[in-house]
Amino acid sequence: MPTLDRIGKDKVVNHHLDVPYRVLERKYSFLSVVSIAVISAYMFYMQYCNVPKISIVIPCYNSEKYIQEVFNNLKAQTFSDYEVIFVDDGSTDNTNKMISNYKSQDKRAKLITLKTNIGTGNARNIGLKKAKGNYVIFLDSDDIYYSNLLEESYNIAKKNNTDITIFKSNYFDENTQIYSSSDIGWLWNEPYPINEIFTPDDVKDNLFTFCRGVLWNKLYKRSFLKRYNFHFLNLKMHNDSYFVYCTYVMAKKIYITDKVLISYRINHKNSITTIHKKIYDEKCKMESVNALKSFLIENGLSDKYKIALQRYSDTF
């Protein structure tokens, strides 16, 4: 049992040891606060300040024939504040290797490699989830993007604060190597506003026929896509139609420009449309229409767009 003298000495010793401990404790407490502040500032920067203006999502499957042209088109863009997300959907050729090489040369490029082919719709969903830009554009790995594509579409979208910006396109025939007009990005012969803002109500009865449901001639505000959690169907064909028409329904502002910003490649054997057209065309169309019907019912809009949906179904 310790004596009183011994206890007193221990108290003195512990008292002297406690002083530097408290100083050390305050020092580390201060450092912890500083560290948390630095980390928080970095995360804020990464989330809000280090955000590209545009995210480009490009699904790829055995695209080695055209992917170098895609790289060249991207390098030629007059607009530089973008990220490009390549989703390699289980390619068995040199597509992945070529994208990896391009990625090593351009820090804006990202590559998502899928071990098996899951389809264009699912690949686009994965790319969209990874997108960070204020706007999103979905491009194909075989189309021809004009050098002013990003700059022109972004400036129009930003100026008019649109949810969807649609631009004109041309065809490029792989067989003849000739460019030709495709009439404002596959717009059909229905009345539509041009070079001005409009709403779904302005074209209510023609909402699903004033413009075909293709992705490659549209720029989307990402916050709009995120708000309604739009997604692509897992279909061999027409997975983009469902997505496009659902966005038309919910958009507050749409704008069509008559500027030609892209060419759609036709008559080549590796096209998704060419590969699946005979087998899946009608089946996928009906699945897409039925999904659109369900979307309208879920949002209480089936009566409002009854005529538009019927006119769309009549085109089959």
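**Group meeting: a walk through the model**

Let's start with helix H3, residues 95-105, where the buried residues are Thr95, Ile99 and Tyr102. Looking down the axis of H3, those buried residues sit within an arc of 60°, so they line one face of the helix. Before I go on, please keep in mind that this is a predicted model.

So what covers that buried face? The cover for the buried residues of H3 includes strand S1 (54-60), helix H2 (67-75), strand S2 (82-89) and strand S3 (109-114). And if you turn to the face of H3 that points away from the buried side, you'll find the exposed residues Lys97 and Ser104.

Okay, let's step back to the whole chain for a moment. We've got 10 helices and 10 strands here. The chain has 316 residues, and buried ones make up 47% of them. Now take the contacts between residues at least 6 apart in sequence: 79% of these join residues at least 24 apart.

Next up, a pair of helices. Helix H4, residues 120-130, packs against helix H8, residues 239-250, at an angle of about 45°, and their axes are 9 Å apart. An angle like that makes H4 oblique to H8. Which residues make the contact? On the H4 side we have Thr120, Gly121, Arg124 and Leu128, and on the H8 side Asn239, Asp240 and Phe243.

Now, cysteines. Cys60 has a relative accessible area of 1%, so Cys60 is buried, given that the cut-off for buried is under 20%. Cys246 is buried too, with a relative accessible area of 1%. How many disulfides does a search of the whole structure find? The search comes back with 0.

Last stop: Val260. You'll find Val260 in strand S10, which covers residues 254-266. As for its partners, if we leave aside the neighbours within four places in sequence, Val260 is in contact with Tyr146, Lys168, Ser169 and Asn170. One more residue to look at from here is Asn217, which is 43 residues away from Val260 along the chain, with the two C-alpha atoms separated by 9.4 Å.

Definitions and conventions:
Residues numbered from 1 in each chain as written. Predicted model: local features only at pLDDT ≥ 70, side-chain atom pairs only at ≥ 80, totals over all residues. Heavy atoms only, no water. Helix = DSSP H or I, 4+ residues; strand = E, 2+ residues; numbered from the N terminus. Contact = heavy atoms within 4.5 Å. Buried < 20%, exposed > 50% of the residue type's maximum accessible area, 1.4 Å probe, protein only. Arc of directions from axis to C-beta. Axes fitted to C-alpha atoms, helices over the stretch in contact; angles between N-to-C directions. Parallel < 35°, antiparallel > 145°, perpendicular 65-115°, else oblique. Disulfide = S-S within 2.5 Å.
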